[in-house]
Amino acid sequence: MPAESVAPPAPTGEDAGSRRIRRVVAVVALAAVVPALYLPGRVHDFFDLKIYMRAMDWWASGQPLYDYVQPDRVQGELYFTYPPFTALLLRPFALLPLGATELIFTGLTLLGVVVTTRWLLLPLVERHGLPRVFTVTVAVLLVLAVESTRETITFGQINMLLVVLILADLLFAVPRGSRWAGVGVGLATALKLFPGIFIVYLLATRRWRAAAVASGTAALATLLAAAVAPRDSWRFWTHELWSTERVGRTDYTGNQSLFGLLSRFTAPERPNQLLWLLLVAVVAGYGLWRATRAARAGEHLTGLTLTGLVAALVSPITWTHHIYWFVPAVVVLVDAALSADPGTTEGRRRRWRYGALAGGTTLLITYGVVTFQDWGVSPVRTDSPLDFVVRNPYVLLSLLLLAVLPVGRTGQNLHQMDRSPE
């Protein structure tokens, strides 16, 4: 006969009190460390946000939007590069004092971090019986600690708005078959072309209606901008969109994409376009194939995470603040580790393997690529294996995660279809 399971003894009041004290100490200690990680980023001084606001002032004075240029020590000349629809949303902020705009952008980013982290963590907390407040609080602090969040806040970027739109759509609206499914992805695509990969993901997973809604939403937003600013819209879509030099040096180490990796081999010359397109085709095909498998298994978080990593790899320019997608990847890995059966040898191996990868990923994205390194202002070629690893950590990590994120193995769906955003 199988041995009877024995329930663990109920914790005494003293045990519960000690556990509560340890958790409070852990949260306070982590909260004390996180601000120190932001000190190197103070030099950014909302640099990108200031470009946006100055470009809006320039535009409001009657000048062509895409003529605005601002010098930069590392990148040379930087321009306003977002689609016209984004300019329409940014323009009202130029009417406010710059300090107020900085406060609003920072507050919205912090709110976005809290909301999206709760969306990612609550299903895991409920499934594994983790302490809810403590787990979510620690997770929020860790997300605030990673380089992509730090760079988003200190540069004054809009990345968390895109993340909120994408996660709300792909974790809740699309799996539930909501009539609004696709709207979030469509708006994100109209704001910044990077999220357009998620429309491809919807097509690959045969979410035809959501893909059509996303495409229609992006098209309507773009046409609205064209009606308000026809000349600037025509110029963006016919010329500026294809000018990657407007965004900055592709060989700079902060560009953690496949094109950036290749550019660091050939700097100051541009890499072979055919080779890059071949790598893009292979990586996109493989990554979206795995994302599709995850979606069909009901693993929506894994599917969108793989898609986000594909987008980061195949985009010509992927700055470190663009790569939020390591955060949900860590959640998927932690869930896989906790779901592994510790009673079997294979289960213990899986728990150790996924737990170690989750921990290693967290450490790497917290230290980052550019926060504590000055990569100089001149193009420098990658000329050693060590340089290759040190200058391409996010690229290599993204490729690794594309291959090893668990798909269809646990038989469980971290985000149930009947859940709704809280």
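## Terms and model

A crossing is left-handed when the near helix is turned anticlockwise from the far one by less than a right angle, and right-handed when the turn is clockwise. Helices (H or I, at least four residues) and strands (E, at least two) are DSSP runs, numbered from the N terminus.

This is a predicted model, in which local features need pLDDT of at least 70 and side-chain atom pairs count only at pLDDT 80 or more, while totals for chains, interfaces and linings use all residues. Residues are numbered from 1 along each chain as its sequence is written, and side-chain values use heavy atoms, with hydrogens and water left out.

## Confidence

The chain has a mean pLDDT (the predictor's confidence in each residue, from 0 to 100) of 91, with 92% of its residues at 70 or more. Two stretches call for some care. Where pLDDT is low, the predicted coordinates should not be read in detail.

## Helix H18 and its partners

Let's turn to H18, residues 393-404. Helix H16 (residues 345-367) has an axis that comes within 12 Å of the H18 axis, and the two cross at roughly 155 degrees; axes are lines fitted to C-alpha atoms, for helices over the stretch in contact, and angles run from 0 to 180 degrees between N-to-C directions. H16 is therefore roughly antiparallel to H18 (over 145 degrees; under 35 is roughly parallel, 65 to 115 roughly perpendicular and the rest oblique). The crossing of H16 past H18 is left-handed. On the H16 side, Tyr354, Leu357, Thr361, Leu364 and Ile365 make the contact, meeting Pro393, Tyr394, Leu397, Leu400, Leu401 and Val404 of H18. By class, this contact of H16 with H18 holds 10 nonpolar residues, 1 polar and no charged (Ala, Val, Leu, Ile, Met, Phe, Trp, Tyr, Cys and Pro count as nonpolar, Asp, Glu, Lys and Arg as charged, and the others, Gly among them, as polar).

Helix H13 (residues 273-296) packs with H18 at about 40 degrees, their axes 9 Å apart, so H13 and H18 are oblique to each other. H13, too, passes H18 in a left-handed crossing. Val283, Tyr286, Gly287 and Arg290 of H13 meet Leu399, Leu401, Leu402, Ala403 and Val404 of H18. That contact of H13 with H18 has 7 nonpolar, 1 polar and 1 charged residues.

## Two buried loop residues

Asn392 sits in the loop between helix H17 (385-391) and H18. Its relative accessibility is 0%, so Asn392 counts as buried (under 20% relative accessible area; exposed is over 50%, partly exposed in between, with a 1.4 Å probe and protein chains only). Apart from neighbours within four places in sequence, Asn392 contacts Gln256, Leu261, Arg264 and Asp387. Ser257 is 135 residues from Asn392 in sequence, yet their C-alpha atoms are 8.4 Å apart.

Gly254 belongs to the loop between helix H11 (230-238) and helix H12 (258-266), and its 4% relative accessibility makes Gly254 buried. Between the C-alpha atoms of Gly254 and Asn392 there are 8.9 Å, with 138 residues separating them along the chain. Not counting residues up to four places away, Gly254 touches Thr318, Trp319, Thr320 and Val370.

## Helix H6

H6 (residues 147-155) is mostly covered, with 9 of its 9 residues buried; among them are Glu147, Arg150, Glu151 and Phe155. Just after H6 comes Gly156, with a positive phi of about 80 degrees.

Conventions: Contact = heavy atoms within 4.5 Å.
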